[in-house]
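Work through these exercises with the model open. Try each task before reading its solution.

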Amino acid sequence: MERYTKPPLSYADQVTLLRERGLTVESTARAVQFLQRVNYYRFSAYTIPFQNPGDAFVPGSTLEQIERLYDLDEELRRAILSLLSPIEIFLRTRIAYELSRGWGAFAHYDPGMFHRNFNHAAWVASLDEEVNRAKETFVEHYKSKYHGFPRLPIWIACEVMSLGALSLLYTGLQTEPQRRICSLFEVDKDVFR
C-alpha cells in the first residue's frame, strides 16, 4: 500500500491537468465554473468513457461532451428521485401503520418481532443515533413532552430513520408483520424485500 501524495489543485490547475491529459477545453473560464459547481473527483467518474488506460483522453474528447453526460445523469437522477419520493413516503406510512396497529406503538423495540439472526440491539443503537441527530420539530416536541426519549413510537421513528434503516427493519421482521406490510401491494414478502 502506498502513501497518498497528490497535492490539492486550484480550479485552473485542474483544467491544465485535463488539457495535459488530452481533453479539449474550449473555454478555461467555463471549465472553471463547471469545476466550481462539480467536485473534480465526482467529475472524474464521468471522464472514464472518454479515456484510454493511464488517464489519457481519447483524441477528440471534449469537456463539453463530459458536461453533457454529467447533466444527463443529473436530470435522470432528479427524475428518478421525484418518482421514488412518493413511494418512500408510502412505505414509511405502511410500515408504521401495520406495526403500530398489529403490535403497538413501540413494536420495533421488541426483539421478539424480529428473526433470531437479526442483530436487533445494533439496529436499535443505530436508530437511537439517528433519532438523537434529528432536528425535526416533531422530534423536539416528543422529547420535551414524553418520557423515554430516544425511544419513539413507530410512526415518528419511521419519519427520521434512513431508508437503509427502514429496509433493515422490514428485512429483520418476522414473517407475519412482513406479510401485513406488503399485503396492499399483492406482492410476496420476499419479493417486496
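The model is predicted: local features need pLDDT of at least 70, side-chain atom pairs count only at pLDDT 80 or more, and totals for chains, interfaces and linings use all residues. Residues are numbered from 1 along each chain as its sequence is written, and side-chain values use heavy atoms, with hydrogens and water left out.

**Exercise 1.** Describe the largest pocket and its lining.

Solution. 
- Start with the volume: about 520 Å³.
- Next, take the lining (residues with an atom within 4 Å of a pocket point). It has 18 residues, and Y4, K6, L17, Y40 and Y41 lie nearest the centre.
- Sort them: 10 are nonpolar, five polar and three charged.
- Then assign helices (DSSP runs of H or I, at least four residues). α1 (11-20) and α3 (40-47) each supply at least two lining residues. α3 gives the most, with five.

**Exercise 2.** Which residues line the second largest pocket?

Solution. 
- The space is about 160 Å³.
- Its lining consists of L91, I95, L163, L166, S167, Y170, T171, F192 and R193.
- By type, six are nonpolar, two polar and one charged.

**Exercise 3.** Find the largest nonpolar core and the residues with the most contacts inside it.

Solution. 
- Collect buried Ala, Val, Leu, Ile, Met, Phe, Trp, Tyr and Cys residues joined through side-chain atoms within 4.5 Å. Buried means under 20% relative accessible area (1.4 Å probe, protein chains only).
- The largest such core has 29 residues, and I95, L99, W123, L152, M161 and L169 have the most contacts inside it.
- α4, α5 (120-133), α6 (137-145), α7 (154-160), α8 and α9 (175-182) each supply at least two residues of this core. α7 gives the most, with five.
- Now follow L99. Leaving aside neighbours within four places in sequence, L99 is in contact (heavy atoms within 4.5 Å) with G104, A107, M113, I154, L169, L173, P177 and I181.
- Apart from this core lies another, of 17 residues, including V15, V25, Y40 and F50.

**Exercise 4.** Why do the buried residues of α1 lie on the same side?

Solution. 
- List them: Q14, V15 and L18.
- They cover an arc of only 100° around the axis, so they sit on the same side of α1. The arc is taken from the directions from the helix axis to the C-beta atoms.
- These buried residues pack against α2 (28-37) and α3.
- Finally, look just after α1: G22 takes a positive phi of about 100°.

Key:
On a 1 Å grid over the protein atoms alone, a cavity is a set of points where a 1.4 Å probe fits but cannot get out, and a pocket is an open set with protein on both sides within 12 Å along at least five of seven lines; lining residues have an atom within 4 Å of a point. Grid points are joined across faces, edges and corners, and a volume is the space filled by probe spheres set on the points. Ala, Val, Leu, Ile, Met, Phe, Trp, Tyr, Cys and Pro count as nonpolar, Asp, Glu, Lys and Arg as charged, and the others, Gly among them, as polar. Buried means under 20% relative accessible area, exposed over 50%, partly exposed in between (1.4 Å probe, protein chains only).
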